[in-house]
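Here are my notes on the model, as numbered points. Have the coordinates open while you read.

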Amino acid sequence: MSTASVPLPNWITYGLMPFLNLVVAFLISGVVVWFIGESPLDAVTLLLQGALGNGEGIGFTLYYATNFIFTGLSVAVAYHAGLFNIGSEGQAYVGGLGAALASLALDHYVPWYVTMPFAVAGAAIFGATWALIPAWLQAKRGSHIVITTIMFNFIGAAMMVYLLVHVLIVPGKMAPETRVFLEGGQLPKLDWLIAMFGGKLGPAPFNVSFLIALFMCVVVWVLIWRTKLGYEIRTLGASPTAAIYAGIPYVKTVIITMLISGGLAGMMALNPVLGASARLQVEFVGGAGFVGIAVSLMGRSHPLGIVLAAILFGVLYQGGDALSFDMPKITRDMIVVIQGLVILFAGALEYLFRPAIVRVWQRFGKA
Amino acid sequence: MSPTPTAAPAIELIGIDKKFGAVHANKNINLTVAKGSIHGIIGENGAGKSTLMSILYGFYHADAGSIRINGQNTVIQDSQAAISAGIGMVHQHFMLVENFSVLENVILGVEGGALLGRGVSDARSALKRLEADYGLEVDPDAIIEELPVGLQQRVEILKALYRGAEILILDEPTGVLTPAEADHLFKILGVLRDQGKTIVLITHKLREIMAITDTVSVMRRGEMVATRRTTETTVEELAELMVGRRVLLRVEKGPAAPSDVVLSVRNLTVKDGRGVTMVDNVSFDVRAGEVVGIAGVAGNGQSELLEAITGIRKPASGEILIHGKPVTGFDSARLRALGLGHIPEDRHHMGLVLGFEESENSVLGYHRDSRYGRGPLLDLDACREDAKAKIEKYDIRPPNCRLKTANFSGGNQQKIVVAREIERDPALLVVGQPTRGVDIGAIEFIHRRLIAMRDAGKAVLLVSVELDEIRSLSDRILVMFAGRVVGEKTPDTGEQTLGLMMAGIAA
C-alpha cells in the first residue's frame with residue numbers, strides 16, 4: 001500500500017516500465033528457447049530479420065499491425081468507459097460481412113476509392129450492430145458485458161459459417177468463401193510507401209487499410225480527449241458514481257461507447273477482406289480481436305501506445321512465422337508461448353516492477 | 001502503574017524525516033510520549049500526522065531518524081513488527097470483516113494454529129479478562145454488521161489489546177460517533193490510561209484534545225511546531241498553531257431573511273439498494289435566504305434524502321418541488337438546469353473524478369454547457385481558463401489546473417467542488433458534509449462561502465454529522481433519526497438536547 005500512490009514521471013510510466021516488462025518477457029522466452037535446444041540469440045536475430053529485415057517482412061509486419069490497431073482501438077474505447085469488450089473478435093468477423101457486401105455490390109461499377117467509403121461504413125455498421133445487443137443487455141439489464149460479448153463471438157462465428165457455406169458461397173465451389181472481388185472492390189497495396197524507404201513489398205498484403213487505421217487513431221484521440229462525449233465516457237469509466245452525480249446518462253453512454261467500439265472492430269475486416277484476400281473467408285479474423293485486448297492493455301488505451309504495441313505484435317506474428325520456418329524446433333505453438341509471455345508481462349503484470357522503480361526513484365530520482 | 005518521571009518514555013521519535021517525491025511529509029520530527037498518558041496530535045489535513053503514525057506502525061519507512069519504544073531502539077519494518085513492539089492501531093475506517101462475529105474478528109491473523117478450536121476458546125477467555133479490566137463490554141458472538149458503529153470501534157480496540165498492545169494509536173476515532181458514543185469512548189480511553197496503556201490520539205477536533213489529552217503536539221506542513229501540556233493551552237492557541245495565523249472558530253453571520261419557498265419535500269420515502277426504507281415519509285421546506293441544517297448520526301437516512309433531492313436516487317414515493325414545480329425523479333442534469341447546486345457528501349466518489357486533471361473536474365456536470373466548447377467538442381482551453389479563475393478566487397493550492405485531482409489535499413479538493421457548484425450561482429444549494437476531512441483554514445473559508453450564499457438570497461440545505469457545524473451555520477435544524485425527521489429546533493438549542501434527539505431518545 002505504500003508505493004501505489006506515489007506519482008512517477010510519464011517517461012517512467014509509459015516508457016521505462018513497458019520496456020522493462022518487454023525485456024523480461026523476452027528473457028524468459030529466451031530461456032524457453034534455450035531449453036528446447038536452440039540458441040536464443042540466433043532465434044531473436046531470425047525473428048527480427050524476418051519481421052523487419054526487408055520490404056516484404058516489414059509489409060507483413062505492418063499488415064498484421066493494421067489488424068491489431070483496429071481491434072486495439074476497439075478495446076480501448078470501451079475500456080475508457082470501464083467496459084471490457086471481449087467481443088472485438090466477433091464484431092470484426094461480422095464487420096467483414098458488411099465490408100464484403102459493399103464490395104460485392106459495387107466492384108463491377110466503380111473504382112476502389114468509391115467503394116471504400118461504403119465498405120468502411122458497412123464494416124463499421126455491421127460491427128457496431130454486433131456490439132449493440134451486449135451493450136443494451138449491459139445498460140438495461142446489467143448482464144455483464146464480458147460474458148455477453150464472449151457469447152456473441154460464438155454466435156457470430158456460427159452465423160458467418162452458415163452464411164458462407166449456404167448463402168454467400170460461389171455455386172459449384174467447395175471453399176466456404178465469396179467470389180473474388182474485382183479491382184473496384186479491393187483496397188490497393190501500399191507498395192509505393194515501402195518503396196519510399198527503398199524496400200520492395202513483394203507479395204506482402206500491406207494495403208490502404210493501414211492509413212485508415214492511422215486516421216482512426218486520430219479520430220479516437222479526438223473523441224476521447226477533445227469531445228464532450230469522450231469526457232463523459234472517461235468519467236463513466238473512472239467513476240460511475242461521479243457520472244451519475246454529473247447527470248451523465250448511463251444507458252445512452254454505454255450503448256454509444258459500445259457502438260463505437262464495435263464499429264472500430266468491424267473496420268478491422270477491411271484489411272484482410274478487401275486488402276489481402278479480396279474475398280470473405282471463414283475464420284479470417286484469426287484471433288486479432290483477442291490480440292487487440294493485449295495491444296490495448298500494453299498501449300495504455302492511448303492511440304499512440306496502441307500503434308506501438310500493434311507494431312510489436314506485428315513483429316511477433318511475422319517474425320514468429322519466419323522463425324518457425326527457419327528453426328523447425330520452434331513450432332507455431334512456441335511462438336504463441338512467446339506472445340503469451342509478452343501479453344502476461346506487458347498486459348496482466350503491467351505494474352510488476354512499479355514498487356521497485358518507485359523505491360529507486362525516491363532514492364535517486366527526486367528533483 | 002502511574003507515569004513516573006524516571007520511566008523511559010513509551011514512544012520516542014528522533015529526527016524522523018520522510019519525503020514522497022517532491023512532498024516533504026515529515027521534516028525532522030521529534031516526539032516524546034510518556035508512558036501511561038494520552039497524547040494528542042493535531043494538525044490540518046496534509047500536515048503529516050498520518051504519515052508519522054504510518055511510520056510508527058510500519059506502513060512507511062522513514063528516510064532518516066530513529067524510533068525508540070520504551071527506551072529501546074526499535075526498527076519497525078512492517079505492521080507485524082509494530083504489533084510485536086506492542087503498538088496497536090485503530091484506523092479511521094475500521095478493518096473488520098463485516099459478516100464475521102466479534103470473536104472471529106479479534107482472532108483474525110492470530111488464530112494460533114491451523115485448527116480454530118483452541119484459539120477460539122483461548123480468545124474467549126482473553127476477551128472476558130479484557131472486558132473485566134477495561135470495561136470494554138461487547139458480545140463476542142455478535143456479528144459485526146449488526147453492531148452500532150461505537151461498538152464496532154470497541155472491537156477494533158479489543159483487537160489491538162488482544163494482540164498485547166501497550167501503545168494504542170487512534171486515527172480520528174470520533175468521526176463516526178454520536179456525542180454520547182464519543183463520551184463513552186473517552187471514558188474507556190481514560191480507563192486504559194489509568195491501567196498504564198499509552199494512547200496517541202490523532203484528531204482535528206480541538207474540543208476532544210481539550211477534553212481528554214494530557215499533552216498535545218501540533219503539526220503544520222510536515223513540521224512539529226509545538227508540544228503543550230493540555231492544561232496550559234487553549235483552543236485558540238492550538239488553532240492558531242495549526243493554521244499558522246489567527247482563526248475565527250465561530251462563523252460570523254447576521255440574522256436570516258427567509259423569503260419564498262425554493263425546495264419543498266412532501267411525504268418523501270426513499271429506499272436503499274436492498275429495499276430497506278431509509279427515508280420515511282419526510283416533509284419540509286427550504287426558503288430562499290436561509291440555511292436549513294439536517295442533524296443526525298451517520299446512517300439515519302440523511303444520505304439517501306440528499307440523493308433523492310439531487311436526482312441520484314429515485315424516491316419510492318412522495319414529491320419534491322423546486323420553485324413549486326414538481327421535479328420528482330429528475331436526473332441530476334435536469335435538476336442542475338433548474339438551478340440546483342450539489343456539494344456531495346463524498347467528494348472522492350461523487351464530487352470529483354480523482355484521476356482527472358483539476359480543470360476537468362472544475363466542469364464536471366456542466367461540461368455540456370456551450371461555454372466549454374461548441375457542439376460536440378470540449379474546449380480544453382475554456383475549461384482551463386475557467387478553472388484558473390476558480391483557483392484564484394477560492395485560493396486552491398497548488399494553483400495548477402493541470403495537476404491530477406488526487407494530488408490535491410482534502411481541503412483543496414473540497415474547494416474545487418465548492419467553487420464549481422457555487423460559481424454557477426444556483427438558487428438552491430444542497431450540501432453534504434461540506435468539511436469532512438477538511439483542514440481548519442478551509443473549513444472557515446467554506447463556511448463563510450455558504451453563509452454568503454444564504455445572504456445572497458439562496459436556499460441552502462445542509463447535511464452534516466458535525467453537530468458544531470450544523471449549529472453554527474443553520475437557521476433551522478431538523479433532526480433525523482431512523483429515517484424520520486424527529487423534530488425541528490433553533491440553532492441555539494443545547495448540544496445535549498440535540499444529541500438525545502439524534503440518538504432517538506427524546507423528541
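1. A word on terms before we start: two strands pair if DSSP finds at least two bridges between them. Helices (H or I, at least four residues) and strands (E, at least two) are DSSP runs, numbered from the N terminus. With that in hand, look at Gly341(B), which sits opposite Leu429(B) in β17(B). The two strands, β16(B) and β17 (residues 428-432) of chain B, pair in the parallel sense over four bridges.

2. Some housekeeping. This is a predicted model, in which local features need pLDDT of at least 70 and side-chain atom pairs count only at pLDDT 80 or more, while totals for chains, interfaces and linings use all residues. Residues are numbered from 1 along each chain as its sequence is written, and chains are lettered from A and ligands numbered from 1 in the order in which they are written.

3. Back to β16 (residues 340-343) of chain B: Leu340(B) and His342(B) point one way, and Gly341(B) and Ile343(B) the other. In a regular strand the side chains do alternate between the two faces of the sheet. Which of these residues are buried? All of them, where buried means 20 or more other C-beta atoms within 10 Å of the residue's own, exposed means 12 or fewer, and partly exposed is in between, with C-beta atoms placed from the backbone.

4. Overall, chain B has 17 helices and 20 strands. Its radius of gyration is 24 Å, close to the 23 Å that the globule rule gives for 507 residues, so chain B is as compact as a globular protein of that length. (The radius is taken over C-alpha atoms, and the rule is 2.2 Å times the number of residues to the power 0.38.) The C-alpha atoms fill a box of roughly 70 × 45 × 45 Å along the principal axes, and 46% of the 507 residues count as buried.

5. The open sheet of four strands runs β2-β1-β4-β5 (chain B), with antiparallel pairing. Its edge strands are β2 and β5 (72-74) of chain B, each pairing on one side only. β4 (residues 64-69) of chain B joins β5(B) over three bridges, and Ile69(B) has Gln72(B) as its bridge partner.

6. Two loop residues are worth a click. Gly36(B) lies between β2 (23-33) and β3 (38-43) of chain B, and counts as buried because it has 21 C-beta neighbours inside 10 Å. Ala47(B), in the loop between β3 and α1 (49-56) of chain B, is buried too, with 25 other C-beta atoms within 10 Å. Leaving aside residues up to four places away in sequence, Ala47(B) touches Met219(B), Arg220(B), Arg221(B) and Gly222(B); contact here means C-beta atoms, placed from the backbone, within 7 Å.

7. Finally, the interface: 28 residues of chain B are in contact with 20 residues of chain A. On the chain B side, the elements giving two or more residues are β1 (11-20), α10 (332-337) and α11 (347-351). That side divides into 15 nonpolar, nine polar and four charged residues, counting Ala, Val, Leu, Ile, Met, Phe, Trp, Tyr, Cys and Pro as nonpolar, Asp, Glu, Lys and Arg as charged, and the others, Gly among them, as polar.

Definitions and conventions: Contact = placed C-beta atoms within 7 Å.
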